[in-house]
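Here are my notes on this one, point by point. Have the model open while you read.

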Amino acid sequence: MIPASVRAIFFDAVGTMIFPTPPAADVYADIGRRHGSRLPLDVIVTRFRAAFRAEEEFDRRNDLRTDETREVRRWRRIVGAVLDDVADGEAVFGELFEYFSRPSAWRCNPDAGAVLAELARRGYRLGLASNYDGRLRSVAAGLPELRPLEHLVLSSEVGWRKPARGFFEAVVQEAGVPAGHVLFVGDDPVNDGEGARAAGLRVLLLDRCGPYESCIVRLGDLLSKE
Ligand SMILES: [Mg+2]
């Protein structure tokens, strides 16, 4: 599945390499309840999705520019929109923000350890490239399966969110080889698929097929011959 010209492979983080476990809405419900929220889980799920989408639309209107301040504001607004019935919204936000900076809040893709070890053995330059913020550094550092991912490209640090071209230019720069020699593996047809392809990278989408992308069902399929 890996084209012969590829020298570097960069992976999306959330939904590809790592998954919030238990799901984010469960954590919101749990921490919210301790702060007096009475919202049922299904309402939290629906509100979370809507709030997340609204923030992404806000970013698109702002040319996908970002920084660490914007990322903190994103999560403060999402938490506020979801858990609007707690006594101390700022305390709830602080707890949730800190919670998701812990490696223990996340689980790796079950194929991650074996696949990354093998790709490292084959000599690829490996990295993680994410719209998640600076917290990904502490999360990744605490998940041993991800150790072969030596390069980290975070939108809050490079100033552009996926699918902006500027983000993928930063990936190519970090990869240290021309764009056509970089394979991008992700789960989002637009943010990962279209963004990487438009910047000249090769693309593999996990568990989903867009009109142009090759697709794999499991991360482990990366190592299969075709
Ligand atoms: Mg993703």
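1. A definition to start with: the radius of gyration here is taken over C-alpha atoms, and the globule rule is 2.2 Å times the number of residues to the power 0.38. Keep in mind that this is a predicted model. For 226 residues the rule puts a compact globule near 17 Å, and the protein comes out at 18 Å, so the two agree.

2. On overall dimensions, the C-alpha trace spans about 55 × 35 × 30 Å along its principal axes. The secondary structure consists of 9 helices and 8 strands.

3. How much of the chain is buried? Of the 226 residues, 49% are. As for contacts, if you take those between residues at least 6 apart in sequence, 66% join residues at least 24 apart.

4. Surface and charge next. The accessible surface comes to about 10700 Å², and carbon and sulfur atoms account for 51% of that. There are 31 positive and 34 negative charges, and their mean positions lie 2 Å apart.

5. Now the metal. Which residues donate to the magnesium ion? The protein donors are Asp 12 and Asp 187, each through OD, plus Val 14 through its O, at 2.1 to 2.2 Å from the ion. Written as a sequence pattern, the spacing is D-x1-V-x172-D. Before you count ligands, note that water is not among the atoms, so the site may look incomplete.

6. Are Asp 12 and Val 14 buried or partly exposed? Asp 12 has 7% relative accessibility, so it counts as buried. Val 14 has 33%, which means it counts as partly exposed. The cut-off behind both calls is that buried means under 20% relative accessible area.

7. Have a look at Glu 55, in helix H2 (residues 41–61). Leaving aside residues up to four places away in sequence, Glu 55 touches Arg 70, Arg 74, Arg 77 and Ile 78.

8. Last, helix H1 (residues 24–34). What lies over them? After H1 comes Gly 36, with a positive phi near 95°.

Methods
Residues are numbered from 1 along each chain as its sequence is written. This is a predicted model: local features need pLDDT of at least 70, side-chain atom pairs count only at pLDDT 80 or more; totals for chains, interfaces and linings use all residues. Side-chain values use heavy atoms; hydrogens and water are left out. Helices (H or I, at least four residues) and strands (E, at least two) are DSSP runs, numbered from the N terminus. Buried means under 20% relative accessible area, exposed over 50%, partly exposed in between (1.4 Å probe, protein chains only). Contact means heavy atoms within 4.5 Å. Accessible areas come from the Shrake-Rupley method with a 1.4 Å probe; for residues, only the protein chains shown count as cover. Lys and Arg count as positive and Asp and Glu as negative; His and the chain ends are not counted. The place of a charge is taken as NZ of Lys, CZ of Arg, CG of Asp or CD of Glu. Donors are N, O and S atoms within 2.8 Å of the metal (3.2 Å for Na, K and Ca); water is not among the atoms, so sites may look incomplete.
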